[in-house]
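Student: I have a structure to go through with you. Can we test each label against its definition?

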Amino acid sequence: MFDAHHHLWDTSVRDYAWMDGPWADPLRGRFDVARYESASGGDITGSVVVQALQTVDETRDLLALADGHPVSGVVGWVDLTGNTVAETLASLPGPLVGIRHMVQDEPDPEWLARPDVRQGIRAVADAGLVFDLLVKPPQADAALAVVRALPEVSFVLDHAGKPDIAGGGWEPWASWITAMAESPNVTVKLSGLVTEAAPGWRPEDVLPYARHVLETFGPSRVMFGSDWPVCTLAASYARVVDLVTEVLADEDRAEVFEGTARRVYRIER
C-alpha cells in the first residue's frame with residue numbers, strides 16, 4: 001500500500017500556527033518516521049509526505065528524510081508569488097514530487113486567479129512537478145477555473161475538496177466534484193474525510209462522499225492518503241484504511257492504494 005498523503009513534524013522545533021487551540025493538543029509533539037511506521041502497521045510500500053508549513057526550510061527538512069523507506073517523495077512549498085520559483089525549485093535536493101500552498105487559509109477566495117500565482121503554478125509544472133490543491137468550498141470556483149485555465153499542469157485535489165460532511169452538505173460540493181473530474185489533468189485524494197465529519201461519525205456518514213469521488217474520477221484518478229497524524233483526531237490509521245477499502249471493488253484496490261499515486265507523482269521506488 002502506498003500512502004499519498006501524510007505529515008511529519010515536531011512542534012518543539014517549529015511553530016505550526018494553524019494549531020490554534022486545544023483541539024490541536026493531540027497533534028502537538030514529535031511525529032516522526034518511526035511513529036508513522038508504527039501507526040501504519042509497517043504495510044507501506046512508499047509514501048508522500050506533505051508540507052504543513054509555508055516555509056522552504058520545512059521542505060528541505062522533509063526532503064532530508066525521504067529515503068524511500070517509507071517516504072518516497074515530498075510535496076513541499078515555495079512562494080508562488082515571487083519571481084524566483086524556478087530557481088528555488090532547482091535548489092531543492094532530493095525527491096521533490098510536488099508543491100502545495102495552503103489556499104484554504106488565504107483570505108482572498110480568488111487567490112488562485114491571481115496572475116502571479118498562476119505563473120508560479122506554471123513554473124511548478126515546467127519543473128516536472130505536480131501541484132496539490134488544498135481548498136475549501138469558498139475557493140471551489142477559483143480551483144475549478146485554474147485547472148481549466150492550466151491544462152498543462154497536473155493537479156491533485158487534496159481531501160476531496162473538504163466537503164462539509166459534519167453539516168450534511170452535499171450540494172454544491174457533489175456537482176463541483178463532477179465538474180472537476182471533467183478536467184483530465186486533475187486527480188483526487190481519498191483522504192481527510194473523517195476529520196470533516198462530526199465527532200462520533202459513522203461509516204454511512206462518510207461513505208457517500210467517497211463513493212461519489214470514485215464514481216466521478218474512476219479508480220485510475222483516485223489515490224489513497226491517510227492524512228496521518230491529522231486523521232487521529234477522528235480515527236486510527238487502520239480505521240481510515242478500512243473505510244477506503246469498504247468503497248473499493250477488488251479490481252480497483254491496486255490503483256487507489258498504489259498505482260495512481262506512483263504514476264501521478266512519478267515515483268518508481
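Tutor: Start with handedness. A crossing is left-handed if the near helix is turned anticlockwise from the far one by less than a right angle, and right-handed if clockwise. H6 passes H7 in a right-handed crossing. This is a predicted model: local features need pLDDT of at least 70, side-chain atom pairs count at pLDDT 80 or more, and totals for chains, interfaces and linings use all residues. Residues are numbered from 1 along each chain as its sequence is written, and side-chain values use heavy atoms, without hydrogens and water.

Student: Why are H6 and H7 called roughly parallel?

Tutor: The axes of H6 (residues 173-181) and H7 (residues 203-217) cross at roughly 25 degrees and come within 9 Å. Angles under 35 degrees count as roughly parallel, over 145 as roughly antiparallel, 65 to 115 as roughly perpendicular and the rest as oblique. H6 and H7 are therefore roughly parallel.

Student: Which residues of H6 and H7 meet?

Tutor: Contact means heavy atoms within 4.5 Å. Trp173, Ala174, Ile177, Thr178, Met180 and Ala181 in H6 meet Tyr209, His212, Val213, Thr216 and Phe217 in H7. By class, this contact has eight nonpolar, three polar and no charged residues.

Student: What makes Ser183 count as buried?

Tutor: Its relative accessibility is 7%. Buried means under 20%, exposed over 50%, partly exposed in between (1.4 Å probe, protein chains only). Ser183 therefore counts as buried. Ser183 lies in the loop between H6 and strand S9 (186-190). Beyond neighbours within four places in sequence, Ser183 contacts Val147, Arg148 and Arg221.

Student: Why is strand S5 called largely enclosed?

Tutor: Six of the six residues of S5 (residues 71-76) are buried, so the rest of the structure largely encloses S5.

How values were computed. Axes fitted to C-alpha atoms, helices over the stretch in contact; angles between N-to-C directions. Helix = DSSP H or I, 4+ residues; strand = E, 2+ residues; numbered from the N terminus. Nonpolar A, V, L, I, M, F, W, Y, C, P; charged D, E, K, R; others polar.
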